[in-house]
Amino acid sequence: GTELMPFATIMVSAHASTELATAALSAGALDCLDKTRLTETGLRRAVRTALDRHRLRAQVEAQRREVAEQARRTRQILERVTDGFFALDRSWRFTFVNPIAEQTFGREKGSLLGERLPDVFPDLVDSPTYTALARALERGESTSFETLFEPARGWLELHVYPDADGL
């Protein structure tokens, strides 16, 4: 497509005041100049600064869109994994749960997000599984083990990968 010409609003007034500058900036102007003290150099500097700010905003917005797209793709990949997959933050809150893990836990879609593992599964707290998870989180060491998971009436093979954000 065609690239839009960057533009920026610079307010120039013979009655410049703090109130007027505040109102102009709040309305979207990138600068407010006093016409009585304006020089060509000052105007050029204001235009250059305004265009630089416009470019920076556009770059930040492009990066924000790219990050959002990467997050969407990552979420899609994790939701397609045929194993149950979930992530916990350092406070034991679920930050991601794929559909297979939700089914294994017997939970509705999205119902675990933001919930704390010890609150959802209180029986787990005094178990060897919880101890192993806590140790992995504390030491930052990956681990694997099998555990009996009563709600699913079966054994689960857990692979635990800690990082700075959790498990």
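Where is the place of Ser 127? In this predicted model, Ser 127 sits in the loop between helix H4 (117-120) and helix H5 (128-139).

View 1. Ser 127 counts as buried because its relative accessibility is 13%, below the cut-off of 20%. A polar atom of the Ser 127 side chain is placed 3.2 Å from the backbone nitrogen of Tyr 130.

**View 2. The largest pocket and its lining.** Rolling a probe the size of a water molecule over the atoms shows where empty space is left. The largest pocket has a volume of about 680 Å³. Its lining comprises 27 residues, of which Gly 84, Phe 85, Phe 86, Leu 158 and His 159 are the closest to the pocket centre. Two or more lining residues are given by each of strand E3 (86-88), helix H3 (99-105), helix H5 (128-139), strand E5 (143-149) and strand E6 (154-160). Strand E6 supplies the largest share of this lining, with five residues. Classified by residue type, the lining of the largest pocket holds 19 nonpolar, six polar and two charged residues.

**View 3. Helix H2 and the packing of its buried residues.** Helix H2 spans residues 40-80, 41 residues in total. From the first C-alpha to the last, H2 reaches 60 Å, close to the 60 Å expected at 1.5 Å a residue. The buried residues of H2 are Gly 42, Ala 46 and Ala 50. An α-helix has 3.6 residues a turn, so residues three or four places apart point the same way. The buried residues of H2 pack against strand E1 (10-13) and strand E2 (31-34).

Note on methods
Residues are numbered from 1 along each chain as its sequence is written. This is a predicted model: local features need pLDDT of at least 70, side-chain atom pairs count only at pLDDT 80 or more; totals for chains, interfaces and linings use all residues. Side-chain values use heavy atoms; hydrogens and water are left out. On a 1 Å grid over the protein atoms alone, a cavity is a set of points where a 1.4 Å probe fits but cannot get out, and a pocket is an open set with protein on both sides within 12 Å along at least five of seven lines; lining residues have an atom within 4 Å of a point. Grid points are joined across faces, edges and corners, and a volume is the space filled by probe spheres set on the points. Helices (H or I, at least four residues) and strands (E, at least two) are DSSP runs, numbered from the N terminus. Ala, Val, Leu, Ile, Met, Phe, Trp, Tyr, Cys and Pro count as nonpolar, Asp, Glu, Lys and Arg as charged, and the others, Gly among them, as polar. Buried means under 20% relative accessible area, exposed over 50%, partly exposed in between (1.4 Å probe, protein chains only). A polar contact is a pair of N or O atoms within 3.5 Å; within protein, one must be able to donate a hydrogen and the other to accept it, and residues adjacent in sequence count only if both atoms are side-chain atoms. The expected span of a helix is 1.5 Å times one less than its number of residues. Contact means heavy atoms within 4.5 Å.
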